Amino acid sequence: MDPNTLKALQGAAGAGGDDTTKYVEEVFSTDVYSNPAAAPSPRTVTNGINFLEEGGLLWVKNRSYESGGSGRSHVLYSTANSATSSTSTHILSSNNFLGLQDYSTNATLTWKTDGWSVPSGDGDVNGGYFGDYAAWSFRKAPGFFDVVTYPGTGSAKTVAHNLGCVPGMIIVKALDVDEAWAVYHKSTGNTIYFSLSEATGEQTSTLRWNDTSPTDTVFTIGTDPNVNQDTKDYVAYLFADGDDTDAQIFGDDEDEAIIKCGTFTTSSSKASVNLGFEPQWVMFKGSSGTSPGNGWEIYNSMTGLANGSYTRVSANSNAVEVSGAIPVCTATATGFEIENTNNTTNFIYIAIRRGPMKTPEDATKVFAIDAGGNTDNPLFDAPFPVDCLLERIIASTSVWTMSSRLTGDGVMNTDGYTTESNATSAVWDHMDGAWNGWNGSSNRNGWMFRRAPGFMDVVCYEGTGSAKTEAHNLGVVPEMMIVKCRDAAEPWCVYHKDLNGGTNAEHYNLKLNYEHDISEGSSRWNDTAPDASVFTVGTSDHTNKNTKNYIAYLFATLPGISKVGTYTGNGGGVGNNQLFSVDCGFTAGARFVLIKRYDDDGDWYVFDTTRGINYGDDPYLLMNEDDAEVTTEDYVKPWNSGFYVLPDGGNSPINTTGDYIYLAIA
């Protein structure tokens, strides 16, 4: 499709008319919520998706309620089937053949410019004592998704669409008659079809798609009543494929894709799928082979697409969410892996890129601190879904734990060698914080991070024992990396761009669980500095032991948000020099500071504004120790551009005559 036509489509169908749609978070969202109350309130979800003006599909599934051995149906609302321009009372269910059902009594959906809302009452979408829900918002936009309706004629015909590229997948359903769902997928061709409401494999017929491949403006339907019965009406959901260059219109440079349709084959070993991006939502279906009867399995990062911990629902079943059974789907930095299905099976899939893609402009959207004194869940509150949590009790001896969405319920202690353990409290299905349990424990603090371009990223990888690169999605060069082996007793290994004064920093490392100064050696990072796409690990067991699993936390300087830097202490000095300033380029001071001396032994000091970076004594914790916080020293002071360090009579451990590294967050 020529660029001018694509621009026109963007203005007419999903880009607000001014080509401003660039990021996956503008067109897709996973939202999770719970309803344990007998009389729940109406539900309003604000996720930035402009349904009211742009249109789209909302797909809701009750994940946990089961009665009499039966769960709740999938509920699909569409602006194409709305009762008015702003409300929808009719739904479809992917797990049955039924046509449009009327939900006007207690589940009328209201479309909004920044999300959607629904009243209370119906257990499928917002019922009392009906547990946990997941809702997926698909907004119409060229290069991503379109929804159209059309009348059946009984004769082969074409149907126009505004996807702006050749569809990778099309799902069709009759609206006013009970017929099976018909699915086209580019990987199996125009004579093959599937049924979304069934677990059966691929079937052959020229009557669904008239043996004609779709184009970037139309798709073709044949004479089968599932897709084209005379006098009946139909809806079609169209999904783009990132292999089509016309779908590569997202990102800062408008040259990236956010959706991919493809195929993979499994056997008794692991299958790896390279998408070119990390997914947040994956749906796949067995198409042919030993076991094509696999259902339409849906995984998402809010409820479990983790390395070693996952959950899924099936689009063709009303069953509740399950975990622990094969196939296991795990997100990687560049795609996903399917582990041990024990069958040689071909699969089709559709995957959507993880967000956010836009570089953050507000530090409160990516970092938060909270004392866990809540009487309900989540334990730690934040105004965003949390990807990484650092937590501990502060007023008494206590271990630190560090955990991430990518590792599910796996946690590790930063002040020791220990391997990853499982914590039932490590629950990530919250839109506004992290973890469950320990209610009322105000002595337990949580420091919460969200992955975002230019700020912070998390990567899981498997060691090989041989030097190699690992992809990341930080979008810029990592300036600080913290790496830990998850299933072997190895130390936390730290890279920082300013080690050794910034000269050949990749030849040096620190240990997060030690106070020791820097160590030399090429085996940690293979004497190779990271770049904006990959980081390198050498042959050391600390970072790359054969068959062992690792996690890497990556940080960078983002103006106004975070600073990875260094300073040289003045040892106290005299006069005004006693107040030593560290300029981070902030406007309202640092809320979090991690400081370590690297040219001699020195602990890892943690200061934050929740416990007090103020003009009195400043409580601090040591990340490499389990000691209670110290509240009787005055080592730092607030400063709008960053923070001050004080000499404390010339004996301050963070302002001696020496070299320090730090990570600060505004």
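This is a predicted model: local features need pLDDT of at least 70, side-chain atom pairs count only at pLDDT 80 or more; totals for chains, interfaces and linings use all residues.
**Entry 1: a hairpin**

I started with strand S24 (residues 328-331) and strand S25 (residues 335-339), which pair in the antiparallel sense over 4 bridges. For my notes, two strands pair if DSSP finds at least two bridges between them, and strands (E, at least two residues) and helices (H or I, at least four) are DSSP runs numbered from the N terminus. S24 and S25 form a hairpin, with 3 residues between them. I looked up Thr330 and found it opposite Glu337 in S25. Val328 and Thr330 point one way from S24, Cys329 and Ala331 the other way, and all are buried. Buried means under 20% relative accessible area, exposed over 50%, and partly exposed in between (1.4 Å probe, protein chains only).

Residues are numbered from 1 along each chain as its sequence is written, and side-chain values use heavy atoms, with hydrogens and water left out.

**Entry 2: an open sheet**

Next I traced an open sheet of 6 strands, in the order S35-S42-S37-S38-S39-S40, with antiparallel pairing. Which strands stand at its edges? They are S35 (456-462) and S40 (519-520); each has a single partner strand, so one side of each is left without a neighbour in the sheet.

**Entry 3: a loop glycine**

I then visited Gly293, in the loop between strand S21 (279-289) and strand S22 (297-300). Is Gly293 buried or partly exposed? At 45% relative accessibility, Gly293 counts as partly exposed. Leaving out residues up to four places away in sequence, Gly293 touches Ala199 and Lys285; contact means heavy atoms within 4.5 Å. I also checked Thr345, which is 52 residues from Gly293 in sequence and 9.7 Å away in space, C-alpha to C-alpha.

**Entry 4: the whole chain**

Stepping back, I noted 3 helices and 50 strands in the chain. Buried residues make up 59% of its 666 residues. Of the contacts with a separation of 6 or more, 65% come from residues 24 or more positions apart. Taken along the principal axes, the C-alpha atoms fill a box of roughly 90 × 55 × 50 Å.
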